[in-house]
Amino acid sequence: MSELKQLETFVAVVSLGSLSAAARQLGVVPAMVGRRLDALEERLGVRLLARSTRRVAPTQEGEAFYEDCQRILADLTEAEAAAASGSGKARGHLRLSAPAGFGRRHVAPHVADFQRLHPEVKVTLDLSDRLVDLQRDRIDCAIRISDLADSGLVAIRLAENRRVVVAAPAYLAEHGVPRAPADLQHHQCLSLGESQSRGWSFAVDGRPVNLKVAGALECNDGAVLHDWALQGLGLAWRSLWEVKEDLSEGRLLTVLDDFASPDYPVCAVVQQRRLLPARVRRFVDHLRAAYAAPGYWD
C-alpha cells in the first residue's frame, strides 16, 4: 500500500508541478508528500525529481518513470472498476487521435454516439494529419489509414480503404496524363510533406513501391490538398471515400489505376492489445460495427 501511495504521489507532483498542490489534491500535508518522494527515490536508487524552492521538474529518468506510472495507475483503476461492476464497464478518460478530414466525417459523429452510450467516459479527440506518438502524446487509440510499417504498435482493422491518384480534368488537359509512376517526376504533386515522408505507394510488376513526389505546393491538411486538386493545381493521392463524389460528378479523374497499391486499411492503433481498457475496447467495437453497417461507405 505504501508503495502505491508513493507512485500516486509522484504522479500528482509531476502533473501539478508542485508539492503543495499535490498535497491538497491527495489530502495530506506537504511534508508527507516530501517523505513519500524521498522514500520512492531511495527505494529505486535514482533521482526522479529536480527540486528547488521555486519549482519541481522531473529528471530524464523521472519523465520515463512518470509515463509508466500513469499507465500502471490507469490499468489499476480500470481493473478495479471492472471487478466492482462485474461487467468491465467503460469509464475514465479516452484520448483519441484521427486524421483531420477522415476524423471529422467518420470518427467525430461516432464519438458523440459512443459518449451518449457510455456517459462515464470523457472523450478527447485530436484531429491532425501529423503522425502522433501514442506514448509521448498519451493517446489511447489512434485511427489511421496506413500499412503500419511500425511493428511496435498493434493495429486492429476496422474497414477497407483504397487510395487513388486524382487530378482535375483541366490539369490533365494542360499537363498530360501520367502513364507510369515514374512520370510523376514531371508533374506537380500535392503532398502532405513530412507527414507523408514515405511517399506515394504503387504496385509495379507485382511489387510494392514507395515513390517520393514533389511539387510547388504541400500542406499537412489533406482537405487542403483535396481542394487544390479540384482547382487544377496538381495531382493528389487521396482515399476513395474522400473523392468518390468528385469522381462520380467528373470534377476529378483517376490516373495510374493499373499501378494501384494494395488497400490501406482503416485501423485502430493501440500500444498493446493485452489489458486494453474497457473504454478503448468498447470504442473500437463501436467504430467497427458502424463501418460494417450495410451501405455505410456509400
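At what angle do the axes of helix α2 (residues 19-26) and helix α3 (residues 30-44) cross? They cross at roughly 105 degrees and come within 8 Å, which makes α2 roughly perpendicular to α3 (the class for 65 to 115 degrees). Axes are lines fitted to C-alpha atoms, for helices over the stretch in contact, and angles run from 0 to 180 degrees between N-to-C directions. Helices (H or I, at least four residues) and strands (E, at least two) are DSSP runs, numbered from the N terminus.

The model is predicted: local features need pLDDT of at least 70 and side-chain atom pairs count only at pLDDT 80 or more, while totals for chains, interfaces and linings use all residues. Residues are numbered from 1 along each chain as its sequence is written, and side-chain values use heavy atoms, with hydrogens and water left out.

**Stop 1: the α2/α3 contact.** Select Leu19, Ser20, Ala22, Ala23 and Leu26 in α2; they meet Pro30, Val33, Gly34, Arg36 and Leu37 in α3. Contact means heavy atoms within 4.5 Å.

**Stop 2: Val111.** Proceed to helix α6 (residues 108-117), where Val111 lies. Val111 is buried, with a relative accessible area of 11%; buried means under 20% (1.4 Å probe, protein chains only). Not counting residues up to four places away in sequence, Val111 touches Leu96, Val123, Leu125 and Phe283. Val111 and Phe283 are 172 residues apart in sequence, yet 8.1 Å apart in space, C-alpha to C-alpha.

**Stop 3: the sheet.** Display the open sheet of 4 strands, ordered β8-β11-β7-β12 with mixed pairing; two strands pair if DSSP finds at least two bridges between them. Its edge strands, β8 and β12 (253-255), each pair on one side only. Strand β7 (residues 163-167) pairs with β11 in the antiparallel sense over 4 bridges, and Val166 has Ala236 in β11 as its bridge partner.

**Stop 4**

**Stop 5: α8 in detail.** Within α8 (residues 222-230), select the buried residues Gly222, Leu225, His226, Trp228 and Ala229. Viewed down the axis of α8, they fall within an arc of 165 degrees (taken from the directions from the helix axis to the C-beta atoms), so they line one face of the helix. These buried residues pack against β8 (189-190), β11 (235-239) and α9 (240-249). At the N-terminal end, Asp221 caps α8, with a side-chain oxygen 2.9 Å from the backbone nitrogen of Ala223. Just after α8, Gly232 takes a positive phi of about 80 degrees.

How values were computed:
Buried means under 20% relative accessible area, exposed over 50%, partly exposed in between (1.4 Å probe, protein chains only). A polar contact is a pair of N or O atoms within 3.5 Å; within protein, one must be able to donate a hydrogen and the other to accept it, and residues adjacent in sequence count only if both atoms are side-chain atoms. Angles under 35 degrees count as roughly parallel, over 145 as roughly antiparallel, 65 to 115 as roughly perpendicular and the rest as oblique.
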